[in-house]
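Open the structure in your viewer and keep the selection panel at hand.

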Amino acid sequence: MRFGMLNDVTRCTGCRSCQAACKQWNDRKPEETKNLGTYENPFSLSDNTWKRVKFVEKEKGDDIKWSFFSYQCNHCGDAGCMAVCPANAIKRNKKGAVFINEKICTGCKYCLQACPFHIPHTDEKKEFHQSAHFV
Ligand code: SF4
Ligand code: SF4
């Protein structure tokens, strides 16, 4: 059985509670960020940020119109990351979630290339160690 994931962008207010909850639930460290003229922070996923809210800002006259999108692993039904992993380190659990077994991962980074959504990230300090990036 497959599950669907609905992200209703018409209801998202950009509060980033989901971003904070993901950090807390998965025990991820905070990251130092910079204010680059937008409320969007951080600017990319990482080994410590598995979910983030994208802010799309468009000028409309004197106003700025915001659109928000909660960005994370889609737990794809046909997951490219799983298909290419030579170590068979990426699995799907009974509820359909795709996750990585860091103990088996060899750090080849094939999954980084295979994911069309640029979700997997490596740990900068351990270059060849693939950080867990899926919930
Ligand atoms: S890492 Fe990418 S390809 Fe793999 S399940 Fe998540 S979104 Fe899909
Ligand atoms: S980096 Fe790890 S999880 Fe990704 S494809 Fe290679 S062995 Fe598999």
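Here is what to select, stop by stop.

This is a predicted model, where local features need pLDDT of at least 70, side-chain atom pairs count only at pLDDT 80 or more, and totals for chains, interfaces and linings use all residues. Residues are numbered from 1 along each chain as its sequence is written, chains are lettered from A and ligands numbered from 1 in the order written, and side-chain values use heavy atoms, without hydrogens and water.

**Stop one: the cavities.** The structure holds two cavities of 30 Å³ or more. A cavity is a set of points on a 1 Å grid over the protein atoms alone, where a 1.4 Å probe fits but cannot get out; lining residues have an atom within 4 Å of a point. Grid points are joined across faces, edges and corners, and a volume is the space filled by probe spheres set on the points.

**Stop two: the largest cavity.** About 90 Å³ of space lies here, in the largest cavity. Select C73, C76, A79, C81 and C115: of its 14 lining residues, these are the closest to the centre. By class, the lining has 11 nonpolar, three polar and no charged residues. Cys and Ala count as nonpolar, Lys as charged, and Gly as polar.

**Stop three: the second largest cavity.** Its space is about 80 Å³. Select its lining, including A87, A89, I90, I100 and Y110. That lining divides into nine nonpolar, two polar and one charged.

**Stop four: ligand 2.** What sits in the second largest cavity? Ligand 2 does, with more than half of its atoms within 2 Å of the grid points. Now select C85, C105, C108, K109 and C111, which come nearest of the 13 residues around ligand 2 (a heavy atom within 4 Å). This shell has nine nonpolar, three polar and one charged.

Methods
On a 1 Å grid over the protein atoms alone, a cavity is a set of points where a 1.4 Å probe fits but cannot get out, and a pocket is an open set with protein on both sides within 12 Å along at least five of seven lines; lining residues have an atom within 4 Å of a point.
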